[in-house]
Amino acid sequence: MVKKRISSEEVAKATKAALERRGVTINDIAEIVYDMQKPYNEGLTIEHCINSVERVLRKREVQHSVLVGIELDELAEKNLLSQPLQSIIESDEGLFGVDETLALGSVMTYGSIALTTYGHLDKNKVGIIKKLDTKVGNGVHTFLDDLVGSIAACAASRIAHRMRDLEEEGETFADIPPQDLGPKPPKNQESE
């Protein structure tokens, strides 16, 4: 039997829908990125940060991590996991590191800057991460808070690397529209 492959577009839509279903918007994540990167990047706008978050969410490693983590949080909310995993995830047990491990898998695709930024976000619980980490009400966000930190760290890393490229060209973020936040081709190559 040939198994049907799921299109990249379907996975991307499912990822964004899962985040929204859990109360996380692209803008929430972009605000974290903006707050972290604004002091170092002249001309940086929230729109640049939104674009960077959107680009990160196109990566399959990120999409898969988000979908798996959110699914586990939702199953824990419905009490559908077996014990002792149910209790461990439901209480976000301190020695349970699988949530961070899943988030780190995504971070690794964006290098050491993303890794250190993720560590900062995981420790300091910035922006919506703090709200998700607070164990108030019936919601389980054991995986989601770490995944949001991962996405923000990756988007911030993209901006830091792009800034370096801009500096070498004598430019700043003020010189580029947000939709042009992708990597710049080398001078000797024309972009298509």
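Analyst: Before we start, one cut-off is needed: a residue counts as buried when its relative accessible area is under 20%, as exposed when that area is over 50%, and as partly exposed in between. Please also keep in mind that this is a predicted model.

User: How should I apply that cut-off to Glu74, and is Glu74 buried or exposed?

Analyst: Glu74 has a relative accessibility of 12%, and therefore Glu74 counts as buried. Over the whole chain, 41% of the 192 residues fall into the buried class.

User: Which elements make up the chain, and in what order do they run from the N terminus?

Analyst: The secondary structure comes to nine helices and zero strands, so the order, read from the N terminus on, is α-α-α-α-α-α-α-α-α.

User: How do I judge the overall dimensions, and what radius of gyration does the chain have?

Analyst: The idea is to set the value against what a compact globule with the given number of residues would have; for 192 residues that would be near 16 Å, and the chain, at 18 Å, agrees with it. Taken along the principal axes, the box filled by the C-alpha atoms is roughly 60 × 45 × 25 Å. As for contacts between residues at least 6 apart in sequence, 70% of them join residues at least 24 apart. The chain exposes about 10800 Å², of which carbon and sulfur atoms supply 52%.

User: Turning to charge, how many positive and negative side chains does the chain have?

Analyst: The chain has 23 positive and 32 negative side chains, with the centres of the two sets 4 Å apart. Side chains of opposite charge can pair when their charged atoms come close. A search of the whole structure finds seven salt bridges.

User: With which residues does Glu74 form salt bridges?

Analyst: One partner of Glu74 is Arg21, where the closest N and O atoms are 2.7 Å apart. Because Glu74 lies in helix α4 (residues 60-77) and Arg21 in helix α1 (residues 8-21), this pair ties together parts that are 53 residues apart in sequence. Arg22 is also a partner of Glu74, with the closest N and O atoms 3.9 Å apart. Since Arg22 sits in the loop between α1 and α2 (26-37) while Glu74 lies in helix α4, that pair ties together parts 52 residues apart in sequence. Both Glu74 and Arg22 are buried.

User: How does the salt bridge of Asp122 and Lys125 read, and how accessible are Asp122 and Lys125?

Analyst: The side chains of Asp122 and Lys125 meet at 3.1 Å, N to O. Asp122, at 22% relative accessibility, counts as partly exposed, whereas Lys125 is buried, with a relative accessible area of 18%. Elsewhere, salt bridges that share partners join Arg21, Arg22, Glu74 and Glu77 into one network.

Note on methods. Residues numbered from 1 in each chain as written. Predicted model: local features only at pLDDT ≥ 70, side-chain atom pairs only at ≥ 80, totals over all residues. Heavy atoms only, no water. Helix = DSSP H or I, 4+ residues; strand = E, 2+ residues; numbered from the N terminus. Rg over C-alpha atoms; globule rule 2.2 N^0.38 Å. Buried < 20%, exposed > 50% of the residue type's maximum accessible area, 1.4 Å probe, protein only. Contact = heavy atoms within 4.5 Å. Areas by Shrake-Rupley, 256 points an atom, 1.4 Å probe, with all protein chains shown as cover. Lys, Arg positive; Asp, Glu negative; His and termini not counted. Charge placed at Lys NZ, Arg CZ, Asp CG, Glu CD. Salt bridge = Lys/Arg side-chain N within 4 Å of Asp/Glu carboxyl O.
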